[in-house]
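This report walks through the fold from the inside out. Keep the structure open while reading.

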Amino acid sequence: MKFAVLQFPASNCDQDAIHALRDVLGQSARYVWHKEKALGDADTVVVPGGFSYGDYLRCGAIARFSPVMQAVKQFADNGGLVLGICNGFQVLTEAGLLPGALVRNRDLQFHCEHIFLKTVTPDSPFTNKIPPGKWLKIPIAHGEGCYFADEETLAKLKANNQILWQYCDANGNLTDTANPNGSLLNIAGICNERRNVAGLMPHPERACESLLGSDDGKWIFESIFAALQNRTAARAA
Amino acid sequence: MKAKIVITPKKAVVDPQGKTVRNALEQMGYQGVAAVHVGKYIEIELAPGTDKTAAQQALNDAAHKFLSNPIIEDYKLEIE
């Protein structure tokens, strides 16, 4: 599998993503600088976490207009898989590739901790391998991760099964105390209607080795690998 | 000529910053503050001789597309 990991000025999880994909999961992964206009032969694009362009104006607002994001739009339009993590999620919502927006955490604090995620549906290239009933223990590190969308958008997300992950407690309950940032419906991650673009605030790339406290993040990447394998098999058939 | 753009959070969006400022004002003894909304102010200096109507149109476009996020924010544009 070939992964392209974008790099904007002030991205800071690009190396974590490359390490997880290349060194831990044994995939081919390379950096793509924000000024590039093409993504090469990538199967999947990872928009990493960080503070692209200093988070100036709004998180992700400036990154969205960078040359590489035009290529990512094209890539997504052609059905390519795109995963936005943390700031990457913010960039994808600003770019209109995912609905809604991410605003300041309700308690105004930056949260850096492990949380639990309930996977709402296995029906996506990002969740198909996650065992049912497995609550993913994954770290978050953000100040503006409170998911917001108007009622109409939320209804659409629910109707189309686009909510992929919700914050839960260690037993899988969707409680308010398990919600670290005030996200509506405890939403931690969603996908687009076509299901090839996903974003989440937690950092699966920082949870791929038990040494780091959890390797549950692997399930998300394993899901992507399986989805890509199925695509290749379908093409060959 | 100057363009002034005031961006405020939409009413439906929870504004913890506004609430915190309101609470602080209350604690300081300022009475009668019903609500506070914290937003952004952007000032754009326009080149001499710029056509006001054209600038208005272009800046509305920019404010809608880039300077504000219509999902969570409202904006007001003034050119003087």
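Which residues of helix 3 of chain A are buried? They are A:Asn87, A:Gly88, A:Phe89, A:Gln90, A:Val91, A:Leu92, A:Thr93 and A:Glu94. The model is a predicted one.

**Helix 3 and its surroundings**

Helix 3 of chain A covers residues 87-94. Eight of its eight residues are buried, so the rest of the structure largely encloses this helix. Its buried residues pack against four strands of chain A: strand 3 (44-47), strand 4 (81-85), strand 5 (101-103) and strand 11 (197-200). Just after helix 3, A:Gly96 adopts a positive phi of about 80°.

Strand 3 of chain A is covered on both faces. A:Thr44 and A:Val46 are buried on one side, and A:Val45 and A:Val47 are buried on the other. In a regular strand, side chains alternate between the two faces of the sheet.

Strand 3 of chain A pairs in the parallel sense with strand 1 (residues 2-7) of chain A. There, A:Val5 stands opposite A:Val46. Strand 3 of chain A also runs parallel to strand 4 of chain A. In that pairing, A:Val45 has A:Val82 as its bridge partner.

**Strand 9**

Strand 9 of chain A spans residues 163-168. Six of its six residues are buried, so this strand too is largely enclosed by the rest of the structure. Strand 9 of chain A pairs antiparallel with strand 6 (residues 111-119) of chain A. It also runs antiparallel to strand 10 (residues 187-191) of chain A. A:Trp165 in strand 9 of chain A stands opposite A:Thr119, and its bridge partner in strand 10 of chain A is A:Gly189.

| Strand pair, chain A | Sense | Bridges |
|---|---|---|
| Strand 1 and strand 3 | parallel | three bridges |
| Strand 3 and strand 4 | parallel | four bridges |
| Strand 6 and strand 9 | antiparallel | four bridges |
| Strand 9 and strand 10 | antiparallel | three bridges |

**The nonpolar cores**

How many residues does the largest nonpolar core have? It has 78 residues. Those with the most contacts inside this core are A:Val5, A:Val45, A:Val82, A:Leu92 and A:Leu117. Helix 2 (residues 67-77) of chain A gives the largest share, six residues. A second, separate core has seven residues, including B:Ala3, B:Ile5, B:Ala63 and B:Leu67.

A:Val82 shows how elements meet. Leaving aside residues up to four places away in sequence, A:Val82 touches A:Val45, A:Val47, A:Val72, A:Phe75, A:Ala76, A:Leu92, A:Leu97, A:Asn196 and A:Val197.

**Chain A as a whole**

Chain A has five helices and eleven strands. Of its 237 residues, 54% count as buried. Why does its radius of gyration agree with a compact globule? A compact globule of 237 residues would have a radius near 18 Å, and chain A has 16 Å, which agrees. The C-alpha trace of chain A spans about 45 × 40 × 40 Å along its principal axes. Among contacts in chain A between residues at least 6 apart in sequence, 76% join residues at least 24 apart.

**The contact with chain B**

In chain A, 13 residues are in contact with ten residues of chain B. The chain A side of this contact divides into five nonpolar, two polar and six charged residues.

Key
Residues are numbered from 1 along each chain as its sequence is written. Chains are lettered from A and ligands numbered from 1 in the order in which they are written. This is a predicted model: local features need pLDDT of at least 70, side-chain atom pairs count only at pLDDT 80 or more; totals for chains, interfaces and linings use all residues. A nonpolar core is a set of buried Ala, Val, Leu, Ile, Met, Phe, Trp, Tyr and Cys residues joined through C-beta atoms within 7 Å. A residue is buried if 20 or more other C-beta atoms lie within 10 Å of its own, exposed if 12 or fewer, and partly exposed in between; C-beta atoms are placed from the backbone. Helices (H or I, at least four residues) and strands (E, at least two) are DSSP runs, numbered from the N terminus. Two residues are in contact if their C-beta atoms, placed from the backbone, lie within 7 Å. Two strands pair if DSSP finds at least two bridges between them. Ala, Val, Leu, Ile, Met, Phe, Trp, Tyr, Cys and Pro count as nonpolar, Asp, Glu, Lys and Arg as charged, and the others, Gly among them, as polar. The radius of gyration is taken over C-alpha atoms; the globule rule is 2.2 Å times the number of residues to the power 0.38.
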